[in-house]
Amino acid sequence: MSLVETMPETARFRALGPKQFDDIAQRYGLTEEIRRAVRLTSLVLPFRVNEYVLSHLIDWDRIPDDPMFQMVFPQRGMLAAEDLRRLEELSESPADGRALRTAIQGIRGRLNPHPSGQKKFNVPTLGGAELPGMQHKYLETTLYFPSQGQSCHSYCTYCFRWAQFVGDVDLRFAAQTPELLINYLGRHPEVTDVLVTGGDPMVMSTERLRSHIEPLLSVPTVRNIRIGTKSVAYWPYRYVTDSDSDDLLRLFQRVVAAGRNLAFMAHFSHPREIQTDIARQALSRIRSTGALVYCQAPLIARVNDDPAVWSELWRAELAAGAVPYFMFVERDTGPYDYFKVPLARAVEIFQGAYRTLPGLARTVRGPVMSATPGKVMVDGVMETPQGRFFQMRLLQARDPRLVGRPFRAQFDEDAAWLDELKLDDSTPRDLMAAITGSVWPDGAEDGESIPDPS
Ligand code: SF4
């Protein structure tokens, strides 16, 4: 692999996007076909990369198939050929600016930009008023979206929050400060976990992050502070050489010294992201503060749809002292057809990788759909005299009484999400009602990032 090691270890972060693409294309000698695909597709989908991803993660000898290149660069095949042609036609004529913008909006609208409303639901209230920047779906966990953490060091082409990065989501939902969160938590002692998420909260300066996190320490019932992030994969310098990285580690130490679990929910999609020296140093420094590192990622065609890749990834995580946690199923949004992996194949990939793991790495669970009724895990495929079934259970649910109970759905080779499955007639009524939606609040949806993604 010929990765160009050009970065000084005192690198300063700079986001690179469509405006810098011609320079990137020139530097790496991209073909005209690839340039056209990236240029046109990034009119519709977000594109952000940085120098570290370019020079340490992408294998330029393997593009366009390289998984890191697929992960961060918009690709031919993500949009319909007809849409690409139209975009090309309109973008060649400066007089067609308005028509181009209309075409872009039209294409975005067809890519399911707001799967089930994402951040509009599960919004808690205080004194009758909705609380911006929060979601409370499961009894013990509240999600918190600081407004300054709603972007990322680089964007994943498969991100289910892609619409937010092209300005198609009203970010006033996010919280400027944690005052309302703290008030709410004071009235809800059942909330033991706060997940700080984004975008990626680690794009914030240490000072800013401190202003959101330290107040949580004043709430005695909050025991676990989770941070959802892909920063170790995309910008590990955040923990090693950024000017406020030492302060950041001191902030982590302070959380741990206050008797809280600091759970660092790291998004790693491919082993390469965890195998650079700087990423290993970053993880080692994070762990030295007493923080626990849990790792999760979605299963994505062309990026990591191979048991050998997951086996290597989970082993690398274990070797770095981190805990393999979740393999998620990709949601129906953005260039979904390009990335989706059917559940039957997802089970094969998960089990193929899981079998190779030492016991300590078998902490990982999957494939898991973070779906409307809760987190649904596909345990496997069962052969029975009545036919083949997916064996499933809820790992997390609005109603805690449903958690852990097994149920099954008819096997379907092509189904890629819960709503494409037919539950077995033997499914208990309460589970059936929760899973098929007859007891959901209107439009309810799980807002937890993959990854959170981070
Ligand atoms: S998946 Fe996470 S890191 Fe990737 S773009 Fe989305 S929020 Fe950012």
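The legends below describe close-up views of a predicted model.

View 1. The domain assignment of the protein gives domain 1, covering residues 18-110, and domain 2, covering residues 371-454. Taken over C-alpha atoms, the centres of domain 1 and domain 2 are separated by 36 Å.

**View 2. A patch of negative charge on the surface.** The residues that gather in this patch are D332, E413, D414, D419 and E420. One of them, D419, is found in the loop that runs between strand 13 (406-410) and helix 16 (429-436). D419 counts as exposed because its relative accessibility is 65%, and exposed means over 50%.

**View 3. Cis peptide bonds.** Most peptide bonds are trans. The bond that joins G198 and G199, however, is cis, with omega at about 20°, and G199 lies in the loop between strand 5 (193-196) and helix 9 (206-213). The peptide bond from G366 to P367 is also cis, with omega near -15°, and P367 has its place in strand 10, which comprises residues 365-371.

View 4. Most residues other than glycine have a negative phi. In N112, which is not a glycine, phi is positive, near 45°, and this residue lies in the loop between helix 6 (97-109) and strand 1 (125-126). R302, again a residue other than glycine, has a positive phi of about 80° and lies in the loop between strand 8 (292-299) and helix 13 (307-319). N112 counts as partly exposed because its relative accessibility is 30%, and R302 counts as partly exposed because its relative accessibility is 42%.

Note on methods
Residues are numbered from 1 along each chain as its sequence is written. This is a predicted model: local features need pLDDT of at least 70, side-chain atom pairs count only at pLDDT 80 or more; totals for chains, interfaces and linings use all residues. Side-chain values use heavy atoms; hydrogens and water are left out. Patches are made of residues with over 30% relative accessible area and no salt bridge: like charges are joined within 9 Å, nonpolar side chains (Val, Leu, Ile, Met, Phe, Trp, Tyr) within 5 Å. Accessible areas come from the Shrake-Rupley method with a 1.4 Å probe; for residues, only the protein chains shown count as cover. A salt bridge is a side-chain nitrogen of Lys or Arg within 4 Å of a carboxyl oxygen of Asp or Glu. Lys and Arg count as positive and Asp and Glu as negative; His and the chain ends are not counted. The place of a charge is taken as NZ of Lys, CZ of Arg, CG of Asp or CD of Glu. Helices (H or I, at least four residues) and strands (E, at least two) are DSSP runs, numbered from the N terminus. Buried means under 20% relative accessible area, exposed over 50%, partly exposed in between (1.4 Å probe, protein chains only). Domain bounds come from an automatic or database domain assignment.
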